[in-house]
Amino acid sequence: MGRIKFFSGENIPLEMHKVRIVQKLNLPCIEDRLKFMQEAGNNTFLLNNRDVFMDMLTDSGVNAMSDNQQSAMLIADDSYAGSETFTRLEKTLEDIFQTKYFLPAHQGRACENILAQVFVEKGTVVPMNYHFTTTMAHIVLNGGSIEEIVIDEGIKVTSKHPFKGNMDLYKLKAVIKSYGKEKVAFVRMEAGTNLIGGQPFSLQNLKDVKKICEENNLLLILDASLLSDNLHFIKQREEACKNMSIKEITQEMIALCDVTYFSARKLGFSRGGGICTNNKDLYMKMRELVTLYEGFLTYGGMSVREMEALRIGLEETMDEDIISQGPLFIEYMVNELDKKGVPVITPAGGLGCHINAMEFVKHLPQSQYPAGALASALYIVSGVRGMERGSLSEQRDANGNEVFSNMELLRLAMPRRVFTLSQVKYAIDRIEWLYKNRELIGGLKFVEEPKTLRFFFGRLEATTNWQDELVKAFRKDFPDSL
């Protein structure tokens, strides 16, 4: 889709859909938001959705379905075995991905569990362009370790590099040489590096990684959960791909990988997940774990209604007008905040707008979880729920020492086809106000800390009474506003 030019000269994204079903939102007053945040242990995951105005926590499982997806759900076949719904989904994947074998699972991390159990052994390593929280947890649980070898540009906050998610080829060769190829479980590429700003990799980089894997007889596995965003960026930013269709780019990417897995909570605007391959031997190794952990091979823990929705959602993912919507709205938000001096990850990536908490609240040490504190502060002043993607999302080492993240980010996800431009402008307005009052934001400390994936349900408290002071400042500037 070409960009729409406005006669006024204003550069804003245009919704390529119309709203036909709505859901009422609630915006509690700031005093109540302070109370709700404290009751949730300053963890945005523990907020009740009824107390959230804009839910920008994640794009996972909260994307708006199309009318065609909703209607497809009515023809689902509930058969436990041999379901026609499964056959239709399998054929759609074969058409789009050009893969012969498909294993369904209830979501992306279920796929990660199967992959880790089959391919990861004690002492093995998985090189990757960047880790995702659950991916790393499954690999470590099975005795392996990870090596993050994204290009150096990938962890620079401000950059013009179009593909910050590229894997560093020299580092990949060094990891293989250091460990020995027999100790490399597989090489993993994440299409859209979730934890460092949703940054894409190029098709050429994937080709180069594949060549190294072939030279060393190593498996290349693709996490395609954020594939739609990565496809958009390849089409827009990679000169060699400008005349290719989205489907052609997709098929070339998938053909380079031995195994592709995805979370349908992201890819396909639905729920569930799956593993695809053309390698029958690999398929057979993974197949029995689906029936053990997920369900029978024709549903794998997925609702058949959502399998039908996924089938249509995958077809819609091949439509450039559809997959461009998220990136264009994210780009708008990033550019507007950047103009106002708010530190954000550039260039705009997929998944959401990422605020650089390390700079936003640079007076806070990482030991006080600046990204988590910023997430708490933003909810209090706006009712916008974001997600901490920093040191809270890491976990302590074997000796109990804190592991500090390369970046401290507040991720404001942009679920596809959900928010209007006025809502995005509201979020920008409140972030601008908060930035001007950033010195009021204090730190957080754990009062309840789980050992694994602590960011999901850990509880924290403010290190001082800074939240009360923030409310006072807000009331001074907005005496009558929610």
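Tutor: A salt bridge is a side-chain nitrogen of Lys or Arg within 4 Å of a carboxyl oxygen of Asp or Glu. This is a predicted model, in which local features need pLDDT of at least 70, side-chain atom pairs count only at pLDDT 80 or more, and totals for chains, interfaces and linings use all residues. Residues are numbered from 1 along each chain as its sequence is written, and side-chain values use heavy atoms, with hydrogens and water left out.

Student: With which residue does Asp-429 form a salt bridge?

Tutor: The closest N and O atoms of the pair are 2.7 Å apart. The partner of Asp-429 is Arg-430.

Student: Is Arg-430 buried or partly exposed?

Tutor: Buried means under 20% relative accessible area, exposed over 50%, and partly exposed in between (1.4 Å probe, protein chains only). Asp-429, at 35%, is therefore partly exposed. Arg-430 has a relative accessibility of 7%, so Arg-430 counts as buried.

Student: In which strand does Arg-188 lie?

Tutor: Arg-188 forms a salt bridge with Asp-223, with 3.0 Å between the closest N and O atoms. Asp-223 lies in strand 6 (residues 220-223), so the pair ties together parts 35 residues apart in sequence; Arg-188 itself lies in strand 5.

Student: How are helix 1 and helix 15 oriented to each other?

Tutor: The axes of helix 1 (residues 30-39) and helix 15 (residues 370-382) come within 7 Å and cross at roughly 150°. Angles over 145 degrees count as roughly antiparallel, under 35 as roughly parallel, 65 to 115 as roughly perpendicular and the rest as oblique. The two helices are therefore roughly antiparallel.

Student: How many residues of the contact of helix 1 with helix 15 are nonpolar?

Tutor: Contact means heavy atoms within 4.5 Å. Helix 1 contributes Ile-30, Arg-33, Leu-34, Phe-36 and Met-37, and helix 15 contributes Ser-376, Tyr-379, Ile-380, Val-381 and Ser-382. Of these residues, 2 are polar and 1 is charged, and the number of nonpolar ones is 7.

Notes:
Axes fitted to C-alpha atoms, helices over the stretch in contact; angles between N-to-C directions. Helix = DSSP H or I, 4+ residues; strand = E, 2+ residues; numbered from the N terminus. Nonpolar A, V, L, I, M, F, W, Y, C, P; charged D, E, K, R; others polar.
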